[in-house]
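Subject: Structure handover

Hi,

Here is the structure for you to look through. My notes follow below it.

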Amino acid sequence: MQLTQKVHQRLTAHLKAGDLAIDATAGNGYDTLYLAQTVSENGHVIAIDIQEAALQSTQAKLTHAKLNDRVELHCTDHATYLQELCNSHTAKVSSILFNLGYLPGSDKSVQTLPSSTEKALQASLQLLQPNGLLCVTAYRGHPGGIEESQVVENWMRAQKKLGHSIECHTPPSPNSPPILWLLSKSEQPHD
């Protein structure tokens, strides 16, 4: 099973109609579209990407599916916007997704960075409701990907020590395959 399929399988089991979900790295919009379909007409999705081209692609998919009314798009840095959302959406979000790296088919020099990703993950934990699901796919095959993946791994392992449930999935490959991290937020994390 591909990691994307595993993510969607978990989201299908987790999300309910009316939920709030965030796609922190909208990219070409496939996950945003999936979230919009899954939260149904009373649900809401916030999609973030630092590239206007990514949001245009996402918008086109939503328009084709007639799901624009369920999604708000924000062209900004994911760490900055997620930290802003903590002022109004703390413990209100059911699921948050990240696909780290660069936008496929675009300028590979524009990519997520370890320092902002770590801040975005920390804000995500605050935004998730108890038992909320955080899905992070870290791609390691591009310059900077290994370093960012290590930051994610260190952060996830620290969260496990605090009592959150963590899973790690890596497809078998002799190269540097992406890694999927799944965090289920504990209702009562340790201090």
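Start with one term: buried means under 20% relative accessible area, exposed means over 50%, and partly exposed lies in between (1.4 Å probe, protein chains only). This is a predicted model, so local features need pLDDT of at least 70, side-chain atom pairs count only at pLDDT 80 or more, and totals for chains, interfaces and linings use all residues. Residues are numbered from 1 along each chain as its sequence is written, and side-chain values use heavy atoms, with hydrogens and water left out.

Ser116 is buried, because its relative accessible area is 14%. Ser116 sits in helix H5 (residues 114–127). Helices (H or I, at least four residues) and strands (E, at least two) are DSSP runs, numbered from the N terminus.

Next, the strands. Two strands pair if DSSP finds at least two bridges between them. Strand E1 (residues 20–23) runs parallel to E2 (residues 44–49), joined by four bridges. E1 also pairs with E4 (residues 93–99), in the parallel sense, over three bridges. Asp23 stands opposite Ala47 in E2 and opposite Leu97 in E4. Leu20 and Ile22 point one way from E1, Ala21 and Asp23 the other way, and all are buried.

Last, the cysteines. How many disulfides does the structure hold? Zero, counting a disulfide as a pair of cysteine sulfur atoms within 2.5 Å. For Cys86, the nearest cysteine sulfur is that of Cys135, 18 Å away. Cys135 has its closest cysteine sulfur in Cys168, at 13 Å, so the two are too far apart for a bond. Cys86 is buried at 11% relative accessibility, and Cys135 is buried at 1%.

Best wishes
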